[in-house]
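Have the sequence and the 3D view open while you read.

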Amino acid sequence: MSTTEITRPGKGYSLGHTPREYERLRAQARVWEGATGRVLDAVGLAKGASCLDAGCGPGETTRLLAERVGAGGRVTGMDTDSSIGILAVEMLHRTGHRHCGFVAHDLTASEPVPGAPFDLVYARLLLFHLPQRAAVLARLWDAVAPGGHLVVQDYDLHGVSVLPGLASFEEVGRVIFGAFAAAGADVHVGARLTRLFEQAGAGTPDGTDVTGRIEPFGTGHGMFASVFRSLLPVALAHGITTEEAAAAALAAFERDAARFADSPMTWPLMIGAWKRKGLA
Ligand SMILES: C[S@@+](CC[C@H](N)C(=O)[O-])C[C@H]1O[C@@H](n2cnc3c(N)ncnc32)[C@H](O)[C@@H]1O
């Protein structure tokens, strides 16, 4: 399968498209690999199946699909950002998954998903960012073949915390939540997946899965700080913080992470939902 023409990254996407953000996505994918594998195995992805990874990013979830369908299957990563798509395909082919390809496409466009139908349509951490999330989910449902599955995993940021509470953590969180809100993200979309499936015409999910994560602040703070850095251009553009205030907030955050390295920090919840489409 080949890579399509170069396209512009999605304009509204708040985390940006820098090499540092790509690396953050890879690190985040390593954290959630077990949770995603468990959901894919609950659905029971068959050898030889065709799959779409919608908003595939660096292709780590594409790889999990590819491992399950085997060389006789077909896995398409899809993203607005063709730079990350090219890197994803290189990684997938290098690691032996030559049955994977990439298509650059904006899933908010009001046209059918290219290459549909697929036996399994998967999306992780995509709907979170899209103000048109119900319409996009309806389009993804349309892209599922009769008898196939729609599988979504997304965040609910509600539970992110450190104990004891810290002013530096609160400030970094304020900027992150403010920037996501300004960009039209829904930081609780994971908890709303059942309702979204119904709004999208898929009906009530057949199954759901909730995964949490807790780790010492000394190691966990790094991902939180990276999200802050990726969101900073959006936060500055919306007057949520200033360059000076952001630098001071990050410095205080790093100091506290060293001082309270053993304090427990909880990550966002990763929430999954899936639905099988009836046979026509
Ligand atoms: C947070 S990343 C998640 C990547 C991957 N699904 C994962 O979980 O590792 C979200 C991805 O969605 C892509 N994206 C954002 N808006 C999109 C759109 N309208 N259509 C297709 N992809 C989009 C971004 O470029 C980014 O690669």
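Glu 60 sits in helix H2, which covers residues 60-69. Keep in mind that this is a predicted model. Is Glu 60 buried or exposed? With a relative accessible area of 16%, Glu 60 falls under the 20% cut-off, so it counts as buried. Its side chain has a polar partner: Glu 60 and Arg 63 are joined side chain to side chain by a polar contact of 2.9 Å. Setting aside neighbours within four places in sequence, Glu 60 also touches Arg 26, Ala 29 and Met 91.

Next, a loop position. Leu 166 is found in the loop between strand E6 (161-162) and helix H5 (167-182). Leu 166 is buried too, at 8% relative accessible area. Once neighbours within four places in sequence are left out, Leu 166 is in contact with Phe 217, Asp 256 and Phe 260. Leu 25, for its part, is 141 residues from Leu 166 along the sequence, and the C-alpha to C-alpha distance between the two is 26 Å.

In soluble globular proteins, nonpolar side chains tend to be buried together. Here the largest nonpolar core holds 63 residues, and Leu 137, Leu 140, Leu 150, Phe 169 and Phe 180 have the most contacts inside it. Which helix gives this core its largest share? That's helix H7 (residues 217-237), with 10 residues. A separate core of 18 residues lies apart from this one, and its members include Val 39, Leu 40, Val 43 and Leu 64.

Beyond its neighbours within four places in sequence, Phe 180 is in contact with Ser 14, Leu 15, Phe 128, His 129, Leu 157, Ala 185, Val 187, Val 227 and Leu 231.

Finally, the cysteines. How many disulfides are there? The count is zero.

| Cysteine | Relative accessibility | Closest cysteine sulfur | Sulfur distance |
|---|---|---|---|
| Cys 51 | 0% | Cys 100 | 9.0 Å |
| Cys 100 | 0% | Cys 51 | 9.0 Å |

Terms used. Residues are numbered from 1 along each chain as its sequence is written. This is a predicted model: local features need pLDDT of at least 70, side-chain atom pairs count only at pLDDT 80 or more; totals for chains, interfaces and linings use all residues. Side-chain values use heavy atoms; hydrogens and water are left out. A nonpolar core is a set of buried Ala, Val, Leu, Ile, Met, Phe, Trp, Tyr and Cys residues joined through side-chain atoms within 4.5 Å. Buried means under 20% relative accessible area, exposed over 50%, partly exposed in between (1.4 Å probe, protein chains only). Helices (H or I, at least four residues) and strands (E, at least two) are DSSP runs, numbered from the N terminus. Contact means heavy atoms within 4.5 Å. A disulfide is a pair of cysteine sulfur atoms within 2.5 Å. A polar contact is a pair of N or O atoms within 3.5 Å; within protein, one must be able to donate a hydrogen and the other to accept it, and residues adjacent in sequence count only if both atoms are side-chain atoms.
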